[in-house]
Amino acid sequence: MNTFDLNTLPCGGRVHFIGIGGISMSGLAEILLGRGYKISGSDMKESPITQKLRTLGAEIYIGQKAENIHPCDLIVYTAAIKEDNEEYIAAVRSGIKLIDRAALLGAVMRAYKHAVAIAGTHGKTSTTSMMTHIMLAAGADPTVSLGGELPAIDGNIRVGKSDSFVCEACEYHGSFLKFFPFVSVILNIEEDHLDYFRDIEHIKETFRGFAELVPEDGAVVADIDGENVRAALRGIKKNVITCSYDSENADYHAADISYNSRGEGSFTLFEKGKPLGTITLSVPGKHNVSNAVCAAAAARFLGIPFDAVKRGLLSYGGVHRRFEYKGERNGVTVIDDYAHHPTEIEATLKTAANMKGGTVWCVFQPHTYTRTKKLFGDFVRVLGESGAKVIMLDIFAAREKDTGLVSSKELSDATPGSRYMPGFRECADFLRQNAKSGDIVITMGAGDVYKVGEMFLDKK
């Protein structure tokens, strides 16, 4: 694996980022700025992220060109950069040490004694945010790297001064195999990123490799409600701390679970058969109870008192684009959610259905052609059985090109009660005409579907 040691960089050395505007790359750049390194980087367009990095002292280039490569000590590139990228080619030819984003994140992690890496097909950002809130409540002063924007740290990155580091661990391309976690958290394992993984067995093997990374005095925190997680960890010779939504066979589980009218859970947390006390969440959904149990288990392994766990979880009110309240128009509530995998969609729509309200309108933008094709039947099932009125937008291509493999029109035609509507403005106007007071509109997907909600609310 392509690993890297920050100690090989000279004090105050220069690091260049190709694709610095991405949320993870920008976060790493900010961490290195905080550690005294000089930073430069390029991106295809200006954004609030690039503007912020400039104010912090980074030198930013708009457009990826060969002339952006100047003498420096390290060049980092994001997975979105292709081998025919002009700047990447120049970087290779320069002879300067060149690593990918995951290798740098692993190197940063290596510098912290208590590094917590949170993995799973779903729930990484939410659970990492919960862990962040718990550590802040405990006064642990962590460094944090998130895949979303968290109000408590005013963004996606926090540079602390302790030996604690918390981050998301992405399985795509086996990225998290380059990490150095003290605690590995595995929330769930399902089929996804099938443009890289061969099948579910390949995915399970990769997660097992991630679990194997923890040292002898570290731990693997695992939600064992899923068979794939249990299978991936079967026979592993590591300290495994088991978690469950409600199974008493796990080291940590919830009991006496209840939900308020907003769908926010309250439960008694059990630790190895003993009740620790009541935890109340400020975010809705059964899935967030499971996430909270895992975050609590990781925190307890690190010696964090239950009172800080309780206060931290109560203070967590959600992260940008995770069941995020966007506003209201004529009595219609607009929520935005990043869900783009069938399991995530099912959890989000169940949460919405349990809220007191009228009709749920789901404006869904599928993410990537590969995922849409591979999981076509699952999308049809969860959307068709949700009880929501579904509006299907065109597929968000992300890193892929449209080869005619599949279309949103096909997905919509196969989904009972779904309506295909390619235009954002057309969709927003349709909702204004048809959504009634008490209804909930959820814009859903990992692309730019949130713009429909903003148009509906007249924010844009």
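At what angle do helix 1 (residues 23-34) and helix 4 (residues 101-110) pack, and how far apart are their axes? I looked this up in what is a predicted model, and I found an angle of about 40° between helix 1 and helix 4, with the axes 11 Å apart. I noted that helix 1 passes helix 4 in a left-handed crossing. On the side of helix 1 the contact is made by S24, M25, L28, I31 and L32, and on the side of helix 4 by R101, L104, L105 and V108. Sorting these contact residues, I have 7 nonpolar, 1 polar and 1 charged.

Y112 lies in the loop between helix 4 and strand 6 (114-119), while F165 lies in strand 9 (residues 164-169), so the pair ties together parts that are 53 residues apart in sequence. Y112 is buried, with a relative accessible area of 9%, and F165 is buried as well, with a value of 0%.

I then looked up F364 and F379, whose aromatic pair is tilted, at 5.6 Å centre to centre and 40° between the planes. Because F364 belongs to strand 18 (residues 360-364) and F379 to helix 12 (residues 376-384), this pair ties together parts that are 15 residues apart in sequence. I recorded both F364 and F379 as buried.

Two further entries concern rings. I found F176, F207 and F210 linked into a cluster by ring pairs, and I found K286 lying over the face of Y245, at 4.7 Å from the ring centre.

Definitions and conventions: Residues numbered from 1 in each chain as written. Predicted model: local features only at pLDDT ≥ 70, side-chain atom pairs only at ≥ 80, totals over all residues. Heavy atoms only, no water. Axes fitted to C-alpha atoms, helices over the stretch in contact; angles between N-to-C directions. Helix = DSSP H or I, 4+ residues; strand = E, 2+ residues; numbered from the N terminus. Left-handed = near helix turned anticlockwise from the far one by under 90°. Contact = heavy atoms within 4.5 Å. Nonpolar A, V, L, I, M, F, W, Y, C, P; charged D, E, K, R; others polar. Buried < 20%, exposed > 50% of the residue type's maximum accessible area, 1.4 Å probe, protein only. Phe/Tyr/Trp six-rings, centres within 6.5 Å; stacked < 30°, edge-to-face > 60°. Lys NZ or Arg CZ within 6 Å of the ring centre and 35° of its normal.
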